[in-house]
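Visitor: I have a few labels to check against their definitions. Can we go through them one at a time?

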Amino acid sequence: MKALFALAALCLSATLALAGGETPSNPEAKVYFVNLADGDTVQSPVTVVFGLSGMGVAPAGTEKENTGHHHLLIDRPPLGEGEDGADELAYGLPSDDNHLHFGGGQTEVTLDLAPGEHTLQLVLGDAGHVPHATPIVSEVITITVE
């Protein structure tokens, strides 16, 4: 019985840790990298193509059901983790070298990345750059730039 309660508490804490803002999302939506996979070795500049299924892309500020715009997290912990993880889930993603915003509705970017390993993660944000109530995020992938 104790194991059942422990399992329930673990599931609840994991759910709370991944709670986003107030905008609902399609539970079947997925965001993914079209042209990159975990472990790929690439040359700089690197073109990153964003994929999305189950929802549509709309520019920041557009309040339309089942839409959002892309954000690319570079060389930082997965969404919701790290020093500012809880804040970014509830209040929105910052805009800096590790958090790139594509509020114009862009679906790809070409980046100049230094040689070495880099982590990448895609996050769909709502009209105000806040992850959806159930965040739509890709897996974190690691690429090596030669």
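**Labels and their grounds**

Guide: Start with N66, which is partly exposed, with a relative accessible area of 31%. The model is a predicted one.

Visitor: Why is N66 called partly exposed?

Guide: Its relative accessible area is 31%. Buried means under 20% and exposed means over 50%, with partly exposed in between. So N66, at 31%, is partly exposed.

Visitor: What makes the phi of N66 worth noting?

Guide: Phi of N66 is near 60°. That is a positive value in a residue other than glycine. N66 sits in the loop between β4 (56–57) and β5.

Visitor: What is the phi of D75, and where does D75 lie?

Guide: Phi of D75 is near 50°, a positive value in a residue that is not glycine. D75 belongs to the loop between β5 and α2 (85–91).

Visitor: Is D75 buried, partly exposed or exposed, and how do you know?

Guide: The relative accessible area of D75 is 37%.

Visitor: Why is H71 called buried?

Guide: H71 has a relative accessible area of 1%. The cut-off for buried is under 20%, so H71 is buried. H71 lies in strand β5 (residues 67–74).

Visitor: Which residues does H71 touch, beyond those up to four places away in sequence?

Guide: Among them are L93, L100, H101, F102, Q121, L122, V123 and H129.

Visitor: What makes the pair H71 and H69 a polar contact?

Guide: The two side chains make their contact at 3.2 Å. The limit is N or O atoms within 3.5 Å. The value of 3.2 Å therefore meets that limit.

Visitor: What kind of peptide bond joins S44 and P45, and what is omega?

Guide: The bond is cis, and omega is about 5°. P45 is found in the loop between β2 (41–42) and β3.

Visitor: How do you know that β3 and β7 pair?

Guide: Four bridges join β3 (residues 46–53) to β7. Pairing asks for at least two bridges, so β3 and β7 pair. They run antiparallel. In this pairing, T47 of the chain stands opposite T110 in β7.

Visitor: What is the strand order in the open sheet?

Guide: The order is β1-β3-β7, with antiparallel pairing. β1 (30–33) and β7 (108–111) each have a single partner strand, so they stand at the edges. One side of each is left without a neighbour in the sheet. Neighbouring strands here are turned by 20° against each other on average, direction ignored.

Visitor: Which residues of the largest nonpolar core touch the most other members?

Guide: The core has 23 residues, and the residues that touch the most other members are F33, L36, V46, V48, L72, L120 and I143. Elements giving two or more residues include β1, β3, β5 and β7. The largest share, four residues, comes from β3. A second, separate core of five residues includes L73, L79, L93 and V123.

Visitor: With which residues is V46 in contact, leaving aside neighbours within four places in sequence?

Guide: V46 is in contact with L36, V109, T110, L111, L113, I143 and V145.

Visitor: How many helices and strands does the chain have, and what share of residues is buried?

Guide: The chain has two helices and nine strands. Buried residues make up 36% of its 146 residues.

Conventions:
Residues numbered from 1 in each chain as written. Predicted model: local features only at pLDDT ≥ 70, side-chain atom pairs only at ≥ 80, totals over all residues. Heavy atoms only, no water. Axes fitted to C-alpha atoms, helices over the stretch in contact; angles between N-to-C directions. Buried < 20%, exposed > 50% of the residue type's maximum accessible area, 1.4 Å probe, protein only. Polar contact = N/O pair within 3.5 Å; in protein donor to acceptor, adjacent residues only side chain to side chain. Contact = heavy atoms within 4.5 Å. Core = buried A, V, L, I, M, F, W, Y, C linked by side-chain atoms within 4.5 Å.
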